Amino acid sequence: MPAPTLPSSSDRDSRHAAWVLGLSLPGDTVLYLLLPMFAPAFGVSLPEAGMLLAANRLVRIAGYGAVARFYARHGERRTCTLAALAAAVCALGYATVTGFVALLCLRLLWGLAFAALNLTTQALATAEPAGAARRAGRSRAVTALGPMLALPLGGVCALWLGPKAIFFLFAIAALAGVRVARQLPTVPHAEPPSGKKWARRPGSLDSFSFVEGLVLDGLFIIGLSYLGRDLLPGHPVVVAGLLLSVRYLAEIVLSSAGGHMAERHGPEVLLVVFSVLTSVALVGFGFGWLWTCALAIVILRALLLPLLPPLVALRTPGPGRIQALATRSVWRDMGAGGGPVLAGLLLPIAPAPWIYGGAALLLAGTALACVKRRSD
């Protein structure tokens, strides 16, 4: 009789890192909800609010390499402790300071903190090849719990107490994440290579990460708000909070299922299947089947999210794994940062079927390329 399997240290460490990220995220996710709607309360204009919401992604694009090297030198405990402290400082700042310059400094600080937390959760989930997809799915589900609960709470508090008071609570939550971070390991890792290896040409997984961010985190979310703004009655803050909460709820319910399916069938096969199904739903979304196809896209996105880290780990074993995970995060941030800009330019002037039909072709094509090209 085989001995019963016990939870490994990788399972425990991955779960703790996910809790740190989940406790640190609410301040950022609720800021996306409240800052555009209550920009004067934060002392900024609406264009400045858009710049502030993009700033954390821009600094991650520039700073992921330095974050990866810091993580490799100092290990998970110090990296996540400092990142959770930074998240608490940022949430406290959102509650107390106003003005573009002060908020910009906080957004840049949060961008680096998120880069550290995101890299740590992915690295710990893929630390052992066995069970990597399962851990990645469970990590996504735990991480989404904090934002899913915080978004409706933030919307309600904004109506009753104003848009800034809720961030005091999120600062306390991030400090609780500091306590969880103290349970993470302290062992350093081999530093990722730098120089030409870091700046190599994008491979198929890089291209897929970019398109996934462009389409699902950019064109789809902005399009849902733009095309559906007259179809769902109610206060805008409640409507926006509902749309964002549904995304995180789907991650909680389905990311673990996606990880278990990847363990059984392989992440590469499911990456292609879910991407093609998402492309079909995007076409229907563009032709006006808004809510049905939007629900399908949200479900498929949640199933897709845990697939890429274990696939990266399979193709890039050893010390290069941390670099590869950071690189894919950079490409996704680039796509997610450009998606809203592209949506804002195209949606007022181009037919929706063309926009989302083209996005569907891009997503399906880059997913299929991940099967054809295995050299990256």
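Arg 60 and Asp 333 are both buried, where buried means under 20% relative accessible area, exposed over 50%, and partly exposed in between, as judged with a 1.4 Å probe and protein chains only. These two residues form a salt bridge in which the closest N and O atoms are 2.7 Å apart, a salt bridge being a side-chain nitrogen of Lys or Arg within 4 Å of a carboxyl oxygen of Asp or Glu. The pair links distant parts of the chain, since Arg 60 lies in helix 3 (residues 46-96) and Asp 333 in helix 12 (residues 320-346), 273 residues apart. Salt bridges with shared partners join Arg 57, Arg 60 and Asp 333 into one network.

The model is a predicted one, in which local features need pLDDT of at least 70 and side-chain atom pairs count only at pLDDT 80 or more, while totals for chains, interfaces and linings use all residues. Residues are numbered from 1 along each chain as its sequence is written, and side-chain values use heavy atoms, with hydrogens and water left out.

The chain contains 13 helices and zero strands; helices (H or I, at least four residues) and strands (E, at least two) are DSSP runs, numbered from the N terminus. Of its 376 residues, 55% count as buried.

Seven salt bridges are found in the structure.

Two packed helices are described by the angle between their axes and the distance between the axes. Axes are lines fitted to C-alpha atoms, for helices over the stretch in contact, and angles run from 0 to 180 degrees between N-to-C directions. The axes of helix 1 (residues 9-24) and helix 4 (residues 100-125) come within 8 Å and cross at roughly 160°, so the two helices are roughly antiparallel to each other. Helix 2 (residues 26-34) and helix 5 pack at about 45° with their axes 9 Å apart, and they are therefore oblique to each other. Under the convention applied, angles under 35 degrees count as roughly parallel, over 145 as roughly antiparallel, 65 to 115 as roughly perpendicular and the rest as oblique.

Helix 11 (residues 308-315) includes Leu 311 and is mostly covered, as seven of its eight residues are buried. Among them are Pro 310, with a relative accessibility of 5%, and Leu 311, with 4%. The C-alpha atoms of Leu 311 and Ala 262, 49 residues apart along the chain, are separated by 9.6 Å, and Pro 310 and Ala 123, 187 residues apart in sequence, are 9.6 Å apart in space, C-alpha to C-alpha. By contrast, Trp 160, which lies in helix 5 (residues 132-161), is exposed, with a relative accessible area of 73%.
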